[in-house]
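I opened my notebook to look at how the pieces of this chain pack together. Here is what I am working from.

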Amino acid sequence: MPHEDGVRSNDGMGAAVRTVDLSNGTALPTMGQGTWCMGDDPATRSQEIEALREGIRRGMTLIDTAEMYGDGRSEDLVGEAISDCRDDVFLVSKVTPGVSRRGTIKACEQSLRRLGTDRLDLYLLHWPGASDFQQMIDAFQQLVADGKIRQFGVSNFTLNQLRRFREIAGGEDAHFQQLLYNLNQRGIEWELLPWLQDHRFAMMAYSPFDQGELFHHDELTEFARQRDLTVGQVALAWLLAKDQVIPIPKSSHPDRAIENAAAREVSLSPGDMDELDEMFPPPTTSGPLQIY
């Protein structure tokens with residue numbers, strides 16, 4: 001795979017886990033776990049917790065959440081899931097835009113309480129919104145200095161917005177961007193993704209199954225069947241073949257977490273990649289940033 005290999009660790013299931021290495025020395029697993037809409041239904045809480053734990057056992061140790069997911073219910077669920085393995089997890093949460101420097105610090109502290117931890121490995125600005133970038137960066141730097149977060153980054157930023165953010169003193173320390181990216185949603189390939197790759201950003205790809213739309217694609221279903229794979233595994237393997245891209249699929253059931261983890265062992269051939277390009281053509285011009 002084009003991912004730049006870092007130090008290999010064992011995922012507890014006998015497989016070596018490749019890492020994405022950043023210019024600042026951070027090494028991340030090539031695939032993580034998302035949690036959007038998790039924690040909303042008490043009836044499925046124990047199943048969702050076990051799904052996260054199964055994913056962690058299989059090396060998907062990057063866990064992404066946000067304060068706005070279920071008004072904090074997702075963070076609360078994640079906190080319970082990682083309560084006995086916090087040090088094994090690269091924990092990510094996001095702050096809602098439009099708050100002040102003080103409000104950002106308070107929001108982080110509230111997230112930490114829900115997550116039952118004293119620090120985040122990564123804190124992201126969820127989207128630009130009406131945020132004062134200077135105040136956000138000042139807050140992030142204070143949180144780093146206080147040991148409450150280790151690093152910071154952004155989510156759902158256009159290239160121009162990201163450049164403006166990084167022009168502010170301290171903004172150059174951001175090495176992370178989270179974006180909508182999947183076979184169906186490839187707009188970032190025109191300009192934004194190449195820039196991130198050139199600058200060795202970690203790009204976390206959310207909604208890798210396009211909110212389930214890919215599971216209803218007849219050609220993709222047949223493509224997967226012919227290779228004895230699931231549609232989800234093909235979608236993830238395609239993302240894993242992209243340099244510096246870390247898919248963060250959500251798994252609400254342990255069996256799905258196992259299925260997703262197995263995608264790391266799938267190697268799509270150049271011919272496979274060409275066939276997928278025919279099914280899902282790459283962009284031929286610039287367009288507005290795709291976002292959910």
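What do the buried residues of α2 pack against? I noted first that this is a predicted model. Then I looked up helix α2, residues 73–81. Its buried residues are S74, E75, L77, V78, G79 and A81. I found that they pack against α1, β6 (62–64), β7 (90–95) and α3 (101–115).

**Entry: α1 and α9**

Next I followed α1, which covers residues 45–57, to α9, which covers residues 254–262. Their axes come within 8 Å and cross at roughly 25°. Angles under 35 degrees count as roughly parallel, so I wrote down α1 and α9 as roughly parallel to each other. The crossing is right-handed. I listed who makes the contact: from α1 it is Q47, E50, A51, E54 and G55. From α9 it is P254, A257 and I258. Sorted by class, the contact has 4 nonpolar, 2 polar and 2 charged residues.

**Entry: the nonpolar cores**

Which residues touch the most other members of the largest nonpolar core? That core has 74 residues, and I noted Y123, F140, F165, Y181, M203, L220 and L276 as the answer. Helix α8, residues 231–240, gives the most to this core, with 8 residues.

Leaving out residues up to four places away in sequence, L220 touches L183, L214, V231, V234, L276, M279 and F280.

Notes: Residues are numbered from 1 along each chain as its sequence is written. This is a predicted model: local features need pLDDT of at least 70, side-chain atom pairs count only at pLDDT 80 or more; totals for chains, interfaces and linings use all residues. Side-chain values use heavy atoms; hydrogens and water are left out. Axes are lines fitted to C-alpha atoms, for helices over the stretch in contact, and angles run from 0 to 180 degrees between N-to-C directions. Helices (H or I, at least four residues) and strands (E, at least two) are DSSP runs, numbered from the N terminus. Angles under 35 degrees count as roughly parallel, over 145 as roughly antiparallel, 65 to 115 as roughly perpendicular and the rest as oblique. A crossing is left-handed if the near helix is turned anticlockwise from the far one by less than a right angle, and right-handed if clockwise. Contact means heavy atoms within 4.5 Å. Ala, Val, Leu, Ile, Met, Phe, Trp, Tyr, Cys and Pro count as nonpolar, Asp, Glu, Lys and Arg as charged, and the others, Gly among them, as polar. Buried means under 20% relative accessible area, exposed over 50%, partly exposed in between (1.4 Å probe, protein chains only). A nonpolar core is a set of buried Ala, Val, Leu, Ile, Met, Phe, Trp, Tyr and Cys residues joined through side-chain atoms within 4.5 Å.
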